[in-house]
Amino acid sequence: MRFDELERRYEEAQAALARAETPEALESWRTAWMGRKGAITALTRQIRDLPKEERPAFGQRINEVKAALEAAYEARAAEVKAEALAQELAEGAVDITLPGRPLNVGHLHLTTQTLREIYAIFERMGFEVYEAPEVELGYYNFDLLNIPPYHPARDMWDTFWVDDDLLLRTHTSPGQIRVMRERYPEPIRVILPGKVYRYEQITARSEHQFYQVEGLAVGRHITMSDLIGTLTEFTRMFYGEHRRTRVRGSYFPFTEPSIEIDTDCILCGGKGCPVCKYTGWLEIAGAGMVHPVVLQNGGYDPDEWSGFAFGLGVERPAMMKYGVKDIRLFYGNDLRFLRQF
Amino acid sequence: MKIPLSWINDFVETSDLDIHELRRRLDMAGLEVESIIPIGHPGAEIVWEPDKVLTAEVVAVRPHPNADRLVLAEVDYGGEVPETVVTGAPSLQQYKGRDDLHLKVAFAWNGAVLYDGHTEGWVKKRLKPTKIRGVPSRAMVCSEKELGLAEEQEDIIYLPDETPVGVPLVEVLGDYVLDFDIKGPFGHLQSVFGIAREVAAILDRPLRREVLEAASRLDLRPTGEPPFVHLEIADPDLCPRYTATMIRNVRIAPSPLWMQQRLRRAGMRPINNIVDITNYVMLELGEPLHAFDYARLRPLPGEDRPAIIVRRAREGEQMATLDGELRTFDGEMLLITDGGGPIAVAGVMGGLESEVEAETRDILLEAANFDFLNIRRTAQKLKLQTESSARFGKRVDPELAWVAAARAAELMAQLAGGEVEPQVGDLYPRRPEKVVLAYPPALADRILGVAIAPDEQARILTALEFGVERDSEPWQVAVPSFRQDVRRPVDLVEEVGRIWGYDRFPRTLIAEALPPLRRNRALEGEERLRDILVGLGLDEVISYSLIDPADETERLGAAGRLPDYPGEAVRLRNPLAPERSQMRRTLLPGMARTARSNLRYLERIAIFEVGHIHYRVAPPRPEEGFTGVEEPRRLAVLLTGPREGRWWQPTDREPLDYFDLKGIAEALLQRLGLLGRERWTRGDHPAFHPGRCATVGVEGKPLGTLGELHPLVREAFDLPDRPVAVMEWDVEALLEAAELVPPAERLHFVSPYPPIHEDLALVVDEDVPAIEVQRAILKGGYPLVTRALLFDIYRGPQVGEGKKSLAFALTYQSPSKALNEKDAAKLRKRIIKQVKKATGAIVRTW
Ligand SMILES: [Zn+2]
């Protein structure tokens, strides 16, 4: 009789377990059947009412039932958990193509990026960055650079004048005099970056304000071959390993001899196009050996010292590299342009 | 400067060279060719195809059966039988019925593409076989216009009699015009001959110099007192030489075709034979010439021969120049005058009165030399740039005056029937000194870093007409008179280097030891600021330094008061435009304008700039290198627009304001190790919203201002009606402060013991700044309160009128032990006591 009830309860418990579909239902099943006041526990207590000889068999059977139900419970619990997880995962699925939360990312100006590249290359060759004034003395911008008043060479720079003595520097070259006067009698290896100004109408190809990087090396045995080598290395590192360079004679009043250095046209690969005026070459720097008068004006005796100087553009190389057609984009500060770099 | 290659070939043979190779050689030697303009050759507008456009000979002319204005020309083009061509050439009319002709012409077969001679402008047309008034025609004889040689269509072109028949026209009349961009003040490169001399040196070929020897061919003799003119130089400092050559009985007429072609190709318009010859010789030799109508020159009172006096102008003296303008001179300008007054601005432009005209018979030809700086000054002051002033302004060799006068006189004799007076007036008060340089050939090695053999150096210098004396070391090198630019041995090094070829140089790096190494901390600091600000999500801008002065006055002062500027503005004497006439003394207008222009396309602007401002503090002292201008660096940030962009989930669309910017400022200070060392006080910058403006200082030094733009300033910059947060700080002060904090002091000990967190709400009067409450907390709980974060501000009935509740999240932590509840209670008590004492705060109880 007791056995019958036990077996019946066992079946009922199994059926109830099969119906439990949530962790909550499982918990109440456990309480209802296996808890201290649960139905199986209650049956265990009835063992005392059984005749002594029946007790061992009943005890054994009830332990078997308990163990079986515990095992069934564990199995069912694992199933329920797996179902719940599957459902949660299904509900948590998103359209993975939706855009991510936008961040506000800052950008360095293209000019800053170009300047940094130039600094880094010359720093490797031992050049220090030296800064000189933008509002400059005419005396430094011209006279001390071997360009006296009314000298035809002054035509090479259209100048913004402030008064008879002051102007906006038309090139970074006056910094040569400043650094020489400060550093004499040390040898010198500096680059002088900064804004320069020209009295020029603003068009797609010309600006009244742009950047230059001047270079100056003064030492006991510095030669034109060193200048050409230095600029060749720069070109290779800045424009790419395979760029070719060529050196042409030129004229600047503050260098003697004067040269210009070209690289093969990036746009046409040297075949000739309107940008390179069908020469296949683009100018990247004006340069030369520091003129003895300029060395002298800087305090260095030209019989004992020699030096080279060069002037690089900053915007134009960037324009070439990225195919920018309009120089006004640089200081017009259109963020749609600047945010692309 | 445009030079036809055919003209260069008069002096040095280049026709075997590819034009592009020649250009390359010129470029490399420093004679930059801007462009090559082919004439007749491939690449030209009108290409004279060798099989279709030929030289030919008109051998007979017959009347056209149906039209009086047309004729039938029998043209021998080298074929088996002459071709009959229908033409309207007016000059052929006179030959009607003749069959003994030898007129050399340009002949085009159908299929050739030429300009349409009968249509205005430049219209290309392919010749087709046609019937003209009933007579078939398969070819034509060409005019200059049809060949693309001149604008006017008058008549067919006649070639010189010696022209061979049946050869491609391009071989006879084709050309390349080289457009040179000669940099520098080089009078010796302002001419065809000067360029040819360089070409000869570059190619190591002989130079034909006969053109320089006309004086001996004409047997001319210089005299200080010519019989035909009273000659006088009153101001020899400005006129080293003046020659006057007399050519009588010229016949004014058009110059010959070849001369007209060369002038046109060089960019000059043919006028008449005399004027053309002066221009031609100027182009050829680089000496500007002037032809006076002798009959119009006036004598001095009491004399019968006319006078030429070269003198400075009297202040305010006037004359009408050839272009018809009445010019007024100052006392430094040099004039050519006759007995009656000014007749030319020396070296710049002739006067209207003595111009050569159709009736002119006798020519007084001026070939002179003037001080180049004075000519440049005059041309600049009069705003009168001419071919002549451009050349004189680049220093012309005084020796050239004689040579060019003779060359022009010879041409006037040949082409205008003139008779040249053998006595030539020649005043030469300032003969250039002979310059001989001591040149050690090893100097080339020292400067160039490449050993160029002495023989090669000597060859190059000799080819450029330097006199090289190699008997001793150093060499004695005589500089030719036309090389006034060469005054030092190093100038000779340049000549050697550029002709030898820089492309042959070794490419080395500096072998010497490095100079003492230095860092540029100012620049490093500046770049660090940029990196920090970009890291904070800001875009860098670089603005124009030249601004509209009204930006600093009217616009930034729109709220009624001008900002203080640290010095006087740097104003331009010759600005491009009023909007670009002053150097900025603040970055704010640039930021505002950048925001304004970008708001057309973008809703959210977050930008910064690090750059110089400029202002005058003292008069310049050039000798000391002192500009009197300060150029400190500033940092500016501007935020405007919604805090976040739109997205498919809700975002914060409230406008960026003071506190967004302050957050950026604090992050910047944090990165520099300065956070907590700065002081925020209420600012009164007139461009800012008075209630949202802070003055910031650090370590006792002012940094600058941070706040929102005043609504009226915003309006003045045409910015929309919503907050624009801006700051402008002094970069030097910021970086110096950052340098001053010892690195070790920046570091806070990170305790391993557990912290205790608790919240504390304090009620204070409305006008008590939050920062003071926070300071009192930190002071009261020093050193165990490691953080006091304000996380809520409440105003309302629960705290009472005129009060606010500030809620702080406090962290207590000890570097040496774990704190317990008792420790926390003790701390809390001390804190409450301190805030009450310092700010009157009481603890808020719920
Ligand atoms: Zn190209």
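In chain B, strand β32 (residues 605–612) pairs with strand β35 (residues 633–640) in the antiparallel sense over eight bridges, where strands are DSSP runs (E, at least two residues) numbered from the N terminus and two strands pair if DSSP finds at least two bridges between them. On its parallel side, β32(B) pairs with strand β29 (residues 539–540) of chain B over two bridges. Phe608(B) takes part in both pairings, being the bridge partner of Glu540(B) and having Val637(B) as its partner in β35(B). Seven of the eight residues of β32(B) are buried, that is, under 20% relative accessible area (1.4 Å probe, protein chains only).

This is a predicted model, in which local features need pLDDT of at least 70 and side-chain atom pairs count only at pLDDT 80 or more, whereas totals for chains, interfaces and linings use all residues. Residues are numbered from 1 along each chain as its sequence is written, chains are lettered from A and ligands numbered from 1 in the order in which they are written, and side-chain values use heavy atoms, with hydrogens and water left out.

Turning to the interface, 108 residues of chain A are in contact with 97 residues of chain B, contact meaning heavy atoms within 4.5 Å. Between these chains there are 10 salt bridges, each a side-chain nitrogen of Lys or Arg within 4 Å of a carboxyl oxygen of Asp or Glu; Asp531(B) and Arg116(A) form a salt bridge at 2.8 Å, N to O. Helix α8 (residues 224–239) of chain A, a DSSP run (H or I, at least four residues), gives the largest share of the side of chain A that touches chain B, eight residues.

Definitions and conventions
Buried means under 20% relative accessible area, exposed over 50%, partly exposed in between (1.4 Å probe, protein chains only).
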